[in-house]
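Q: Could you walk me through this structure? I'm new to this, so please go one topic at a time.

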Amino acid sequence: MPPFNRRQFLAVGAAGTAGAALVGGTAHAAGEGITVRVGDAVGGGMPLVGFNTGHFMPDGNTAAWIEYAAVNAVRFFATLSIWCPDAAFDAGAGIETVDDFDARKAELRKDSDRYIDWRALRRVWSTHIYETTNHYNLDYQVDRLHRLGITPIMEAAEFRWNSPWSGLWLMWQKHYAFTHHLASRWDVERYNFVNEPDHPSAAHDIVDQTVYIRGLQIAADAIRAAIADVNAEQGKKLRAIVQAPVITHASQTGADYHMDADPDADARDDEHGWGEICLRNLRTDYHGDTVDHDLFDVFDTHLYNKTAQTYAYELRMMESKMREYTPTGVALPVVYSEFNRRNTGAFETSGDDLNTPLVFSELAEIWGATLTGGAEGMICFKFDNTMRANGIPYGTGHYYVENTGDYNIRGAKKAAESNRMFADRFAARDERVVLAANVSSAGPTVMPGAIVASHDRDLGRCSVWLPHRSSEVAHPLTLDLTGTPFRAAGATMIVREVSADHSGDVIMVDAVPESGVITVSQPAGCVWLITLLERRSEPRQHRPLAAVGLTPDGTADNLPVGRGAGPAVSYLAFDVPDDGGRSAILELDGAAGDGSPLTFQVYALARTDWADDTLTWDSAPCFDPVEVRADSVGREAFPAGQLTAPAAAGVARLDVTRVLGKARQGRLGFLLVREQAHAGDTADDGRRAGFSGARLTLWA
């Protein structure tokens, strides 16, 4: 490919070039498959869309991949025995009654330095590396999340609630100090109490529900006291948000027993369900007095090994039960702070994983059904496949991680790309509303509520979420936009797909017809995100300022990508406008060299000073020539997505809208590289794709 050394802007029609043609009316009549009619606004986006995090090391690249995941919330475990060691607190001598407890608490809130060794705690918080399953530093992780605008949910717990008042005083101090620190520095407001108290493994401390309720009352009091004191000291307006009871279904024997009594081998909930007991005590404090505020603010639960139908049922059931059991008759918001299509043990025996169409398509149905079902938040377990004690990586991990060194993320699974599409377009944000998606079917099975739509009014952008489970066959999909702004002349449709052959890349770009009715054929076992853009101006194509293909032997005539016996990488640089755009698509003309699709990684490069240089394999920026992978990830290189070279000559497209903000001085670069995500990732060794042209198309 000849070098590109001058700026070029080319206006293109809204239709562009379609990666997959619209289905003609003679092949499929509108109505033979699924018909989706996009309607009026019915609510907002999901307030909390996220992951439970794993490793998050100071010198690692996890923050960059969390940003890539497009989530707005994360939860992570912060065991108080580690982050709040006993030696830093008053031991509670002389505290034998609740009155003694109250007196000591009042003294601490007047002068905490008398009781808490803040210097010792700050040293632990700023320097210690948590060394259980998840390796991280507390201050570093929370600081990076704060910079990214991501809400942390702190699973701060220690099982020491079956204690006398002196021991309960120690636990109150730990929750107070931990909350005060995070709220004062980073405005952290959300805290779980304990994790899965209904699990049989918790019974050694939570010996009965009385112990649990008293612990919840004391921890909630400490959290609220700490945030009230931070507000008073710093003039903030933070809200303490306690999430409980954080229950699982591990020992549930049927029906709604995680809310109601469950007479089985675990006798602790024979009389009252865990959900019921905490809801009935919603307005009771640790003195046993009725108060004018709720003990906790969010009903928090976990669920695994279920399909979207169960989540839809549970959300309706929990709302009904809460109205019955709460003293106020009001249902609390619901957050699933852990969920996945399968749990860890099930993945180890199921024979499938998060790259399997059955799994990621059904997960996509869960996302849609919980949004329409009214969940406040869905926090998937978990972000990366950290190592279990049995030496097997967590099958629930959506991103591959190196379980050594800096514990760097090395790539995304199919389910991660599906979750990313949902988070990008359906997590709550200003000016975003959820639209009614009225679905009818003439044959295919449709999960009610799984298909959803959203409207970013400020961007003139509509998004439609379309999971298609693998148990169905390919079918026509008719999208009816009549009565919406997206049927106007010049509107554009962009389709992204996660499937066996695609990992969130764009498979179709076309114009919305004048009728406002689009019919396409959606394959089975895939997840689609359809983006519709109002016409505001003509899209513009930017040709590269520089385009360089590299192999260990020198430069290449085209833009190659390969690994193993034929390693090759390519670099592109573009001029981009300062204001970015509503949508941006990187387009490459070419194919895989052996007649089978080839998926590789694309990184956005903040540095483009190399564009006028002569690059070599060893001098290429943001690149490890030995491992054939990007380096400086999170500093100069940022994950942009996975792109699939087609089997035959065609166009490969990737939505790169989210990385436009990484441009410096009006320029943005890209690195195309086939990285090895894990030690067993050898299927593409020796394979290579090549491209003869590149464009960056922007919709302003």
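This is a predicted model: local features need pLDDT of at least 70, side-chain atom pairs count only at pLDDT 80 or more; totals for chains, interfaces and linings use all residues.

Q: Ok, which residues touch the most other members of the largest nonpolar core?

A: The largest nonpolar core has 151 residues, and within it Phe178, Phe296 and Phe299 touch the most other members. Helix H7, which covers residues 209-234, gives the most to this core, with 13 residues.

Q: What does phenylalanine 178 touch, leaving out residues up to four places away in sequence?

A: Phenylalanine 178 touches Ala78, Leu80, Trp83, Cys84, Trp125, Leu138, Met154, Ala156 and Tyr191, if residues up to four places away in sequence are not counted. There is also a second, separate core of 30 residues, and Leu598, Val602, Leu643 and Leu668 are among its members.

Q: And why would side chains gather like that?

A: In soluble globular proteins, nonpolar side chains tend to be buried together.

Q: Switching to helices: how does the span of helix H6 agree with 1.5 Å a residue?

A: Helix H6 runs over residues 165-186, and at 1.5 Å a residue its 22 residues should span 32 Å, which agrees with the 31 Å between its end C-alpha atoms. H6 is also mostly covered, since 20 of its 22 residues are buried.

Q: What follows H6?

A: Aspartate 187 follows H6, and it lies in the loop between H6 and strand E8 (190-192). Its phi is near 60 degrees, which is a positive value in a residue other than glycine.

Q: Is aspartate 187 buried or partly exposed?

A: Aspartate 187 is partly exposed, because its relative accessible area is 34%, and buried would mean under 20%.

Q: Where else is there a positive phi in a residue that is not a glycine?

A: Asparagine 305 has a positive phi of about 65 degrees although it is not a glycine. Its place is in the loop between E10 and H9, and at 34% relative accessibility asparagine 305 counts as partly exposed.

Q: Why point these out at all?

A: Most residues other than glycine have a negative phi, and most peptide bonds are trans.

Q: Then which peptide bonds here are cis?

A: The peptide bond from alanine 244 to proline 245 is cis, with omega near 5 degrees, and proline 245 sits in strand E9 (residues 241-247). A cis peptide bond also joins phenylalanine 381 and lysine 382, with omega about 5 degrees, and lysine 382 is found in the loop between strand E12 (377-380) and strand E13 (399-401).

Q: What does glutamine 522 touch?

A: Not counting residues up to four places away in sequence, glutamine 522 touches Leu466, Pro467, His468, Ala474, His475, Leu477 and Trp528.

Q: Is glutamine 522 buried or exposed?

A: Glutamine 522 is buried, because its relative accessible area is 2%.

Q: Last one: where does proline 333 lie?

A: Proline 333 lies in the loop between H9 and strand E11 (334-340), and at 32% relative accessibility it counts as partly exposed. Leaving out residues up to four places away in sequence, proline 333 touches Asp297, Val298, Phe299 and Glu376. Proline 333 and glutamate 376 are 43 residues apart in sequence and 5.8 Å apart in space, C-alpha to C-alpha.

Definitions and conventions
Residues are numbered from 1 along each chain as its sequence is written. Side-chain values use heavy atoms; hydrogens and water are left out. A nonpolar core is a set of buried Ala, Val, Leu, Ile, Met, Phe, Trp, Tyr and Cys residues joined through side-chain atoms within 4.5 Å. Buried means under 20% relative accessible area, exposed over 50%, partly exposed in between (1.4 Å probe, protein chains only). Helices (H or I, at least four residues) and strands (E, at least two) are DSSP runs, numbered from the N terminus. Contact means heavy atoms within 4.5 Å. The expected span of a helix is 1.5 Å times one less than its number of residues.
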